[in-house]
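This report covers the salt bridges, the chain contact and the nonpolar cores of one protein model. The sequence and structure come first.

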Amino acid sequence: MFNLFRAEWKKVVKNYKLTTFLVWIYPVGMAAFLAILLIVQLSAKSSAQGTVAPSSGQWTADMLVTWNIVSSFPANIFGRMLPLAFMAVVFAGEYQWGTWKNLVPRNRRVALILTKLAALTVIVMTALVSTSVIVGLGQSLGHKMAGLAYGPALTGEVLADFARDYTREALLGMISLLILAAFAGSAALLTRSILGGLLFGFGFSILEPSELWLVLGILLSKPEIVNLYRFTPTYNLNNVRSWLVDHSALAAVPPGFIAQPTLAFSLGILALWLLGLTALAAFVFQKQDITS
Amino acid sequence: MNESVAIRTENLGKTFGRGKKRIQAVKNLNLNVRSGQVYGFLGPNGAGKSTTIRLLMDLIRPTQGTVHIYGQDVRQRPQLLNRVGALVEGAAFYNYMNARDNLEVLARTANDYRPRRISALLEQVGLADRAHQAVGSYSTGMKQRLGIAAALLGDPDLVILDEPTNGLDPAGIQEMRGFIRSLADEQNKTIFLSSHLLNEVEQVCDCVAIIYEGEIVRDGAVADLLTEGKAELRVQASPLDKAAEVLGEHWAVSRDGAQWLTVSAQPEDQPHIIKRLVAQGISVHQVVIQCQSLEEYFMAVTQAEVPANSRAKSEQEADHV
């Protein structure tokens with residue numbers, strides 16, 4: 001399995017154009033953005049009174065914001081599009097390049113799909129972790145240059161709290177990415193095309209967390225429509241966060257309109273999405289004829 | 001495990017599509033390829049060669065029948081494919097990576113990464129000097145060479161090659177021919193070779209099967225097939241007129257220039273012909289067995305199938321009406 005993972009990793013990271021534009025753009029783009037702001041800050045004397053980049057003033061909070069790109073509404077509507085495009089291109093690319101015929105006889109089909117899902121998720125996770133570190137370092141430097149405090153101070157307790165919060169956000173981000181990868185994979189495997197994978201993926205990315213139909217359900221006084229909202233990945237990711245941070249359900253709908261889902265319910269729904277989409281991708285590929 | 005038979009298919013069939021778009025690409029295919037053979041697989045475009053190879057490699061699922069590799073059903077024991085290396089319908093690689101990286105990816109996918117093996121194969125197929133260039137910059141012939149290297153990565157017992165000489169120059173074709181033969185003779189590998197180049201197949205293969213419209217229409221040892229049916233003997237003798245008269249009593253004879261006769265006889269008739277001529281006091285200078293080439297045989301077989309199939313289709317259409 002380790003060799004298979006190395007193979008997937010190598011294939012993807014060696015595709016410099018693809019990964020630069022769709023994955024490494026997060027850390028590289030953030031580094032470039034912060035560098036420009038720091039240069040502006042250095043050159044403009046007036047800016048010495050504060051940081052140019054928006055900040056909470058605490059590195060412990062700033063470094064967590066990156067994960068909103070993939071797990072929090074509304075940032076994730078567009079934030080997920082680049083990783084989704086990346087995943088769809090990697091899956092469908094094997095059809096475009098005609099390379100499945102080289103891979104399928106060499107390992108079990110299910111293993112090929114699961115490893116690809118894992119490798120893609122790890123690559124995007126690496127980019128997001130790097131981005132959050134760059135945000136922390138950049139903001140720290142900016143605050144120092146501006147002569148502003150950037151807390152909290154590094155103590156054992158602060159580090160322990162940060163490690164807990166960061167792990168939580170990273171795990172929620174990873175679940176979101178795994179669901180995204182399984183959806184992009186299924187769409188690309190079913191349509192056997194990059195365009196098909198992208199269109200279905202973007203549709204999923206836009207409609208899945210959309211509150212339009214939530215509003216529609218409330219306007220029509222149809223609790224059964226509103227209730228559907230409780231089964232979306234984004235709502236449940238945020239509900240899990242709400243339970244873990246505030247120890248209560250996320251109040252996304254008017255109180256009393258529907259029951260607020262428990263932590264166990266949300267974890268169950270997320271597991272269903274993850275396992276269901278992964279099983280779908282594996283099933284589709286297992287049954288598929290690899291033709292030219 | 002039956003090691004003496006590398007490939008055995010039983011009533012193998014594959015149908016694509018449904019309803020009016022239904023295409024029966026392979027029908028009731030029965031192949032029997034013995035270990036150590038170089039087995040040629042011939043057929044015109046669209047005859048079902050590549051579909052058959054994809055069925056052998058478990059890339060597509062049969063709609064009927066089974067594929068056995070070394071005596072075991074490949075669908076039930078997919079790990080059997082570790083013993084098979086294949087170049088299927090032209091080489092396809094990740095163009096943005098170099099040759100070495102492409103082979104590494106394939107070797108790791110098979111959980112069998114040996115850097116020295118990769119270096120040796122790149123040397124063997126003549127790509128060692130350009131192993132660090134992106135495959136996208138390779139010519140078709142170079143990609144084919146890399147495809148051969150990829151097929152041999154796992155040191156397979158059975159090598160399936162689909163048009164391996166596509167894109168190679170004449171020297172490359174000759175080199176490939178020798179290479180394929182050496183795989184069988186020196187490394188005891190079984191080779192299943194699909195090719196359009198009939199001359200190549202004739203020179204390299206021990207046995208051939210001819211597939212036409214998804215069905216095997218002939219198979220057997222190359223030597224047997226070429227002497228089957230249309231064989232001729234060319235006789236140089238003097239006096240030629242008297243020789244023609246003597247042989248004409250038993251066989252169909254025609255003049256072939258001023259010094260030769262063409263006799264429609266089988267190779268085993270050669271001693272009788274010489275005996276009859278000598279008995280009549282005729283000087284025999286040369287007797288040459290003139291077998292048809294594989295190309296002639298292939299054309300004869302496939303063209304004979306055309307009217308038969310057209311007839312069958314007409315009858316089928318008439319039934320529908």
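Arg114(B) counts as partly exposed, at 35% relative accessibility. The model in which this residue sits is a predicted one. Arg114(B) pairs with Asp112(B) in a salt bridge whose closest N and O atoms are 3.1 Å apart. Asp112(B) is also partly exposed, with a relative accessible area of 29%.

**Salt bridges**

Side chains of opposite charge can pair when their charged atoms come close. Over all chains, a search of the whole structure finds 27 salt bridges.

| Residue pair | N to O distance |
|---|---|
| Lys11(A) and Glu8(A) | 3.1 Å |
| Asp165(A) and Arg164(A) | 3.1 Å |
| Arg114(B) and Asp112(B) | 3.1 Å |
| Asp101(B) and Lys14(A) | 3.2 Å |

The setting of Lys11(A) and Glu8(A) is helical: they lie 3 residues apart in helix α1 (residues 2-13) of chain A, so about one helical turn separates them. Lys11(A) is buried, at a relative accessible area of 2%. Glu8(A) is buried as well, and its relative accessible area is 3%.

For the pair Asp165(A) and Arg164(A), the accessibilities fall into two classes. Asp165(A) is buried, with a relative accessible area of 19%, because the class takes in values under 20%. Arg164(A) is exposed, with a relative accessible area of 52%, because values over 50% count as exposed. Both residues belong to a network of salt bridges that links Asp161(A), Arg164(A), Asp165(A), Arg168(A), Glu169(A) and Arg241(A).

**Contact between the chains**

How many residues does each chain bring to the contact? Chain B gives 29 residues and chain A gives 29 residues. The area buried between chain B and chain A is about 2,700 Å², and carbon and sulfur atoms account for 53% of that area.

Across this interface the rule finds 4 salt bridges. One salt bridge between the chains joins the side chains of Asp101(B) and Lys14(A), at 3.2 Å from N to O. Polar contacts between chain B and chain A number 20 residue pairs, counted where both residues are at pLDDT 80 or more.

On the side of chain B that touches chain A, β1 (5-16) and α2 (99-109) of chain B each supply at least two residues. The largest share of that side comes from α2(B), with 6 residues. By residue class, the side of chain B that touches chain A holds 17 nonpolar, 4 polar and 8 charged residues.

**Nonpolar cores**

The largest nonpolar core has 146 residues, and the members that touch the most others are Phe86(A), Trp100(A) and Phe192(B). Helix α10 (residues 156-191) of chain A provides the largest share of this core, 14 residues.

Which residues does Phe192(B) contact, leaving aside its neighbours within four places in sequence? Phe192(B) is in contact with Ile7(B), Leu31(B), Val33(B), Tyr39(B), Phe41(B), Ile53(B), Leu56(B), Val159(B), Ile160(B) and Leu161(B), once those neighbours are set aside.

Another core lies apart from the largest one and has 15 residues. Its members include Leu233(B), Leu240(B), Trp251(B) and Val263(B).

Conventions: Residues numbered from 1 in each chain as written. Chains lettered and ligands numbered in written order. Predicted model: local features only at pLDDT ≥ 70, side-chain atom pairs only at ≥ 80, totals over all residues. Heavy atoms only, no water. Contact = heavy atoms within 4.5 Å. Buried area = accessible area lost by both parts, 1.4 Å probe. Polar contact = N/O pair within 3.5 Å; in protein donor to acceptor, adjacent residues only side chain to side chain. Helix = DSSP H or I, 4+ residues; strand = E, 2+ residues; numbered from the N terminus. Nonpolar A, V, L, I, M, F, W, Y, C, P; charged D, E, K, R; others polar. Core = buried A, V, L, I, M, F, W, Y, C linked by side-chain atoms within 4.5 Å. Buried < 20%, exposed > 50% of the residue type's maximum accessible area, 1.4 Å probe, protein only.
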